[in-house]
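Here is my note on the model that you asked me to look over.

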Amino acid sequence: MEEIQLSRGQFLRQLGMSSAALMSFYCLGTSMTACTSASDDPTPTTPTTPTTPAGNVDTGITGSTTGTIDFTIDLTHKDFKKLKTEGEFTYVADIIIANAKGTIVALSKICTHQGSTIDFRGGTGDFKCPNHGSEFTSTGKVQKDPAVKALQAYKVESLNSGNSLKITG
Ligand code: FES
């Protein structure tokens, strides 16, 4: 048998060609995707919009709005600064906070008749349930049935030179 002696260079060149031939065969086979890079993919990608982590979102509220009520709202926050204006109101969890003729009050927003969410009437500074028409004073007392039980009222304290409200109850 004839023995063929290859120099190191000849051996490596043959090995390189073999590898290239193998890759060509592999890429032309059924596994085309294995040979394409991400940059070759014509599918457009949707840019992602940076989002603020949930823990850093400024809601203007600190404290507990459920269970034992004890929270503070920032009246300079965009969602709450309107409360400095007479006749304005907003909801925080199950509480309605309203500026009733210059006094900010906080009551349960849940009608004591059948549980609908009450509205504030800025003109008269009182509350009305849109469901069956019960009305409540600014302190939560019933002024028109069918409700017979007062709305729960929460304590409201003005803090920070009138720029924060602490609501407890
Ligand atoms: S639920 Fe409010 S009046 Fe009936």
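1. Phenylalanine 127 has a relative accessibility of 0% and therefore counts as buried, where buried means under 20% relative accessible area, exposed over 50% and partly exposed in between, calculated with a 1.4 Å probe on protein chains only. This is a predicted model, in which local features need pLDDT of at least 70 and side-chain atom pairs count only at pLDDT 80 or more, while totals for chains, interfaces and linings use all residues. Residues are numbered from 1 along each chain as its sequence is written, and side-chain values use heavy atoms, with hydrogens and water left out.

2. The structure holds 3 aromatic pairs; rings of Phe, Tyr and Trp (its six-membered ring) pair if their centres lie within 6.5 Å, and planes under 30 degrees apart count as stacked, over 60 as edge-to-face and the rest as tilted. One of the pairs joins phenylalanine 89 and tyrosine 91, whose ring centres are 5.7 Å apart and whose planes stand at 90°, so this pair is edge-to-face. Phenylalanine 89 is partly exposed at a relative accessible area of 24%, and tyrosine 91 is partly exposed at 31%. Another pair, phenylalanine 120 with phenylalanine 127, is tilted, with 5.0 Å from centre to centre and 55° between the planes.

3. Which residues do the ring pairs link into a cluster? They are Phe89, Tyr91, Phe120 and Phe127. Within this group, phenylalanine 120 is buried with a relative accessible area of 7%, as is phenylalanine 127 at 0%.

4. Turning to charged side chains, a search of the whole structure finds 4 salt bridges, a salt bridge being a side-chain nitrogen of Lys or Arg within 4 Å of a carboxyl oxygen of Asp or Glu. One of them is formed by lysine 166 and aspartate 70, with 2.9 Å from N to O. This pair links distant parts of the chain, since lysine 166 lies in strand β11 (residues 164–168) and aspartate 70 in strand β2 (residues 70–74), 96 residues apart; strands are DSSP runs (E, at least two residues), numbered from the N terminus. Lysine 166 is partly exposed at 23%, and aspartate 70 is likewise partly exposed, at 35%.

5. Aspartate 126 forms a salt bridge with arginine 121, their closest N and O atoms being 3.0 Å apart.

6. β11 is mostly covered, as 4 of its 5 residues are buried. β2 and β11 run antiparallel and are joined by 5 bridges (two strands pair if DSSP finds at least two bridges between them), and aspartate 74 has serine 164 in β11 as its bridge partner. Strand β10 (residues 153–159) is also joined to β11 by 5 bridges, again antiparallel, and lysine 166 is the bridge partner of glutamate 157. β10 and β11 form a hairpin with 4 residues between them, and asparagine 160 in the turn has a positive phi of about 55°.
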